Amino acid sequence: MGFQGDGCTLFGITFINLIKTIFTLGFYRFWAKTRVRQYLWGQTLLAGDRFSYHGTAKELLRGAVRFGLFFLFFVAVSVYIFLKFGSEESELVGNLFTVVFMFWLPFLMVGAWRYRLSRTAWRGIRFSFHGQGRQALAVYFKGYLAVPLTLGLYWPYFKMETEKFWRQNSRFGDLRMRFSGEGKDFLKKFIFALLLTPLTLGFYLFWFSADLSRYIWSHTHIGDATFHFPIKGGDYFNLKMVNFFIIIFTLGLGNSWVVVRNRKFITDHLTFSGNIELNRVVQEMQDSGAFGEESMDIMDVPIEIG
Amino acid sequence: MVTSKIQFSGSLFDGKNAQKKPVRIELTPYHIKLTLPGRSAVTWPYSDIRWAAETIPFHIEHQLNTPGEILETLVVEDPDFYENCRRIAPDNFSRITEIFFFNWTIFLVGVLILLFSFYVAFKIVPHYFVGQLVDKVPVEWEEKLGDAVLSAFPVEKNPDPKVMALLTDILHLLKQSKVEETPYNLKIFILQTEQINALALPGGNIIVFEGLLKIADSNEELAGVLAHEAQHIFLKHSTRGILRNLASGMLLALVLGDANAVMESAVSIAGKLNTLGFSRKMETEADMKGVELMLDAKINPQGMLSIYNKLLKKELKLEENKKNVSTSKNVKEIFSYLSTHPSAKSRLKKLEKKIKNNADKLWIPLYPNTHWNEIKPRD
């Protein structure tokens, strides 16, 4: 894989976006986001061919408006309860909404991921996601219950199950992805990390994350091919440390370079071996609105899947 | 050096499968002509295509007018393709990465438009909607709101009964004398603090700070303060102020796209109510109507004027002190009554005029048997 983008160009795009966003009282941000994605996707190459992003600002806007309406409804209800009954009741309703939200979150995540994949194409063929919200709810709910009950030991199993959910349900055209990772393979490393992380003042986390990504990718398959992401803890440490200093010393202005560095890190290391009969991959269309996508964004939940 | 040519070879993804098909390309001023081997040529008008990548490999996307959003992608690796395309194609088939021209006139006009739209969006719009809404808010809601704010203040639980009796009596007298009926049930609370201030909460609660009580020297002066605060309530000023703050806060959060902030502004109404931002207009209105209320109750309106004069003097003196010596106590902190009630001098002038115009009205001494200076809280 390869990434051709550079920080300067991305900074130019982001800077113009920022000005336009301010001048339109925030409305331009959907166009801004689309613009940035078009650039990032387009500069990412696999086997010499570019990825492309087909989402439109209008879709994002529609998603945001719908989610905004839901939010207004929530606000109106809590204000109404507050005024009609009192602050205690209003707090109760607020908590109720929080619970509803927790159950809703997996659905929103699925919506967001589905939107993003369905707007991503390579060689003119789109990706798609076929997981269901209720499956996500089951996976995440089980994890949220089991991890504390097992004093954290369930975490590797939970992690692999979520990865399986996201990866196994993703497709490129009619080509399915498979995931063969299992929690038990990673249990020892996880316990090791639990012991070593406090002793190394947290620095071991870089090595642990590198191990984890390496394991996850080498158990991800598409067609007859398998991915490889042979990174070491040191690589990861270098990336994150330099990123950290870029952000600190540029007071955040260097974020574009950080984005580019993160992308490059992935594309420089991610490879796959084995056979994919790309010529036989056929388009499979799927329709998806941007509701999930925008709601995740509004709630400021970063989607870090894959 | 770019060589001028109009024919190139490239490849095409037809959006149906991932196969790369070789294609011959010819540039014309109106469209791009594509010929697949063994097929007849197709044309892509420039209006239907866009640059997806302007570096090698160049990508151009073509949206088919069929349902299902199938996209065709043309890939060209020839380094001369881009410049030749820009030369032959119309100008509006433009780059993705626009060049940003900086123009001071546009910039300044933009800033002005920006400021103006901010003003409209966060001042006028909430103002208008709240104005439409405020009269429809039921009194019970206002009372709920007022009680919630009140609970944020540690008001005196066992106030001096003599003080309370007098304050309550004055308040009742004022309410009964009001010409129009009012649904509000006025209640008074005392906050033990040296700050000189009083707050009118929505629905009828009035909080008087002890510092203010100490400054007053007569029943009439107390009546002046209470008449002013009572009018804030009758005129729904605090409800209006809160709704306005809420509306602009929510609007801002919506523009910034930050739902957490929307929630916060809605949920923590009570927390933010401490700043009941009254406008200058509201203050003057409460003054004028307050004087009318005092006259209706046959109370000498000079009471309001004299306590305001005292407050103004005290404020000026404190400010002077602050200039000379660095006083330990923050002036603003102690003295928020007139400073939250802006431009005290012009208010006093208006008040004097109003009282002068009503000099022919009759008034009688207020509770001549109770002397405020004998019962008021002491240091």
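Okay, let's start in the loop of chain B that runs between β5 (49–53) and β6 (58–63), because that's where you'll find Pro57(B). Keep in mind that this is a predicted model. The thing to look at here is the peptide bond going from Ile56(B) into Pro57(B): it's cis, with omega near -5°.

Next, the backbone at two lysines. Lys236(B) isn't a glycine, and still its phi is positive, about 60°. You'll find Lys236(B) in the loop that links α6 (219–234) to α7 (237–256) in chain B. So is Lys236(B) buried or exposed? It's buried: 20 other C-beta atoms sit within 10 Å, and the cut-off for buried is 20 or more.

Now Lys298(B). Here too we have a non-glycine with a positive phi of about 60°. This one is in the loop between α10 (280–296) and α11 (302–324) of chain B. Lys298(B) has 14 other C-beta atoms within 10 Å, so it counts as partly exposed.

Last stop, a sheet. Chain B has an open sheet of 3 strands, in the order β8-β10-β9, and the pairing is mixed. At the edges you've got β8 (187–191) and β9 (198–200), each pairing on one side only. On average, neighbouring strands in this sheet are turned by 20° against each other, ignoring direction.

Quick reminder: strands in a sheet pair through backbone hydrogen bonds, either parallel or antiparallel. Which sense do β8(B) and β10(B) use? Parallel, over 5 bridges, with β10 covering residues 205–209. If you want one pair to click on, take Leu191(B), whose bridge partner in β10(B) is Phe209(B).

Definitions and conventions: Residues are numbered from 1 along each chain as its sequence is written. Chains are lettered from A and ligands numbered from 1 in the order in which they are written. This is a predicted model: local features need pLDDT of at least 70, side-chain atom pairs count only at pLDDT 80 or more; totals for chains, interfaces and linings use all residues. Helices (H or I, at least four residues) and strands (E, at least two) are DSSP runs, numbered from the N terminus. A residue is buried if 20 or more other C-beta atoms lie within 10 Å of its own, exposed if 12 or fewer, and partly exposed in between; C-beta atoms are placed from the backbone. Two strands pair if DSSP finds at least two bridges between them. Axes are lines fitted to C-alpha atoms, for helices over the stretch in contact, and angles run from 0 to 180 degrees between N-to-C directions.
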